[in-house]
Amino acid sequence: MITKTLPKSAVILGAQWGDEGKGKIVDVLSEKFDIVARYAGGHNAGHTVIIEGKKIVLQLIPCGVLRPSCVGVIGNGVVLDPAAFLAEVKKLKDAGLPAHDPAAKQLFISNRAQVILPYHRMIELAAETAPGRQTIGTTRRGIGPAYEDKIHRNGLRVADLLNTSLLRTHINNACHEKNTIAAALFGTEPLDPKQMYEEYVRYAEQIAPYVTDTAELLNKALDNGKSVMFEGAQGALLDIDHGTYPFVTSSNCTSGGAVTGTGVGPTRIGTVIGVSKAYVTRVGEGPFPTEDFGAEGELLARRGNEFGAVTGRPRRCGWLDLPLLRYSNMINSTEWLVVTKMDVMDELAEINVCTTYKVDGKLTDTIPGDIRGFKTIEPVYTTVKGWNASTAGITEYDKLPKLAQEYLEFIAKESGVKIGMISTGPDRAETFSLPEFAAMLA
Ligand code: GDP
Ligand code: IMO
Ligand code: MG
């Protein structure tokens, strides 16, 4: 048998509605990569890594920087809140991690990333709470309005933030426009452009040493034989194009986003690794066909400690949804799956898995393109016996209970994608690879 070697570049992304444990898996795999690049989203993400009991949650900065050997890149597809970035840099400093210091040349921001400004939060908050508007249940970080300005060609990029005269003009014009809209539509108090300019000039000075042309950095690194991991944020079903629109985020969190969000072309992407919980969770509003409102949903929430890493909101919980996973695998060209949080299911007597949908009495695997379509879905479940034994911290496949192995084999068979890794606890060490994937990593 010819053993495949690990490609020089890999996308790691969420296969569901976010919070699948991407941060943990990126941290584990970053040992094998020279660079980790974020390509979408902003500080709406919360990526938790636990190393020897010590927890760190990163929102904008790629999890790879927790290893001094790994360079972190914030790509052009990201929307950057400078205050959030600087707060995170301080977190790295407090943890004694070298990446915080620009002199270490371990952390870079794209000069083409968009900047989140206070009026983005103002508009989002007003719109989310306005009577008659569809509430999305956003993280209220200004993500949507910042991407709106980007697409409207009205955004401020990091390179522009560093140009003081352009910054002043931009803030004056934008405040005039946003204050007028917010007052007229939502009765919001205006923001002061002078104060905003002074604040953002200070941020600009502090972030300037991290700013570079990251597309050039990444492509040159690949030219020189270095390896790059693309760290996804959110999840496939939150993608602006492919997700459960309008209950989505405002960026392309799917694998295509790694291309546009970094400036590395598709032929340079070696593989795509999807991270999926052994069940499903979702934060915020929107369809969730396999949501469980009963005791089992509560058990998953309790054992999985399912509270948002960013907003602290309780996550809705339910059963693994194979039609959604197959869809996610299709739109991402996923080659490998990582299954996380197996241990959370340890106490379930029975486990439901949705294998297909029923719509108007007919079986279907098609994911509806509209929200009304989701309302007609009836999940069809296969019920399997729970393993009712602890898998917490197990790091060898053979030591997993037989029924847990069968559950994983069922997922691999039904989703059509090989399982590469399994996670049995939140700590970096509570992870293991299956033989084919392990051989590739070796
Ligand atoms: P991300 O956004 O995909 O990086 O995931 P989050 O960090 O928001 O949420 C995942 C949560 O599950 C975090 O609290 C992790 O520490 C935790 N976690 C990750 N993998 C496992 C696992 O295998 N078992 C358990 N019990 N917790 C896990
Ligand atoms: P990570 O990277 C889970 C959800 C929000 C809301 C919707 C839109 O940690 O997996 P936004 O603030 O982005 O406009 O909110 O998307 N959402 C997430 N849910 N994990 C995330 O990130 C999320 N980022 C956004 O709850 O429903
Ligand atoms: Mg998260």
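Buried residues are those under 20% relative accessible area, exposed ones are over 50%, and partly exposed ones lie in between, using a 1.4 Å probe and protein chains only. By that rule W387 is buried, with a relative accessible area of 6%. The model is predicted, so local features need pLDDT of at least 70 and side-chain atom pairs count only at pLDDT 80 or more, whereas totals for chains, interfaces and linings use all residues. Residues are numbered from 1 along each chain as its sequence is written, chains are lettered from A and ligands numbered from 1 in the order in which they are written, and side-chain values use heavy atoms, with hydrogens and water left out.

Rings of Phe, Tyr and Trp (its six-membered ring) pair if their centres lie within 6.5 Å; planes under 30 degrees apart count as stacked, over 60 as edge-to-face and the rest as tilted. The count by this rule is 5 aromatic pairs. One of them joins W336 and F437 edge-to-face, at 5.0 Å centre to centre and with 65° between the planes. This pair links distant parts of the chain, with W336 in strand β15 (residues 336-340) and F437 in helix α14 (residues 435-441), 101 residues apart. Helices (H or I, at least four residues) and strands (E, at least two) are DSSP runs, numbered from the N terminus. Both W336 and F437 are buried. A tilted pair is formed by W387 and Y407, at 5.6 Å centre to centre and 50° between the planes. Here W387 sits in the loop between β18 (378-385) and α13 (402-415), while Y407 belongs to helix α13, 20 residues apart. Y407 is buried too, with a relative accessible area of 3%.

The nonpolar cores come next. A nonpolar core is a set of buried Ala, Val, Leu, Ile, Met, Phe, Trp, Tyr and Cys residues joined through side-chain atoms within 4.5 Å. The largest has 62 residues, and those with the most contacts inside it are L29, F85, L92, I109, Y200 and I207. Helix α7 (residues 193-207) gives the most to this core, with 7 residues. A second, separate core of 49 residues includes Y279, L325, V344 and Y407.

An open sheet of 10 strands runs in the order β9-β7-β5-β2-β10-β1-β11-β15-β19-β20, with mixed pairing. At its edges stand β9 (211-212) and β20 (431-433), each with a single partner strand, so one side of each is left without a neighbour in the sheet. Two strands pair if DSSP finds at least two bridges between them; β5 (residues 71-74) and β7 (residues 107-110) do this in the parallel sense over 3 bridges. In β7, F108 is the bridge partner of V73.

Helix α11 (residues 322-332) is largely enclosed by the rest of the structure, because 9 of its 11 residues are buried. Among these are L325, Y327 and I331.

Finally, D19 (OD) and G46 (O) coordinate the magnesium ion (ligand 3) at 2.1 to 2.2 Å. Donors are N, O and S atoms within 2.8 Å of the metal (3.2 Å for Na, K and Ca); water is not among the atoms, so sites may look incomplete. D19 is partly exposed, with a relative accessible area of 22%, whereas G46 is buried, at 11%.
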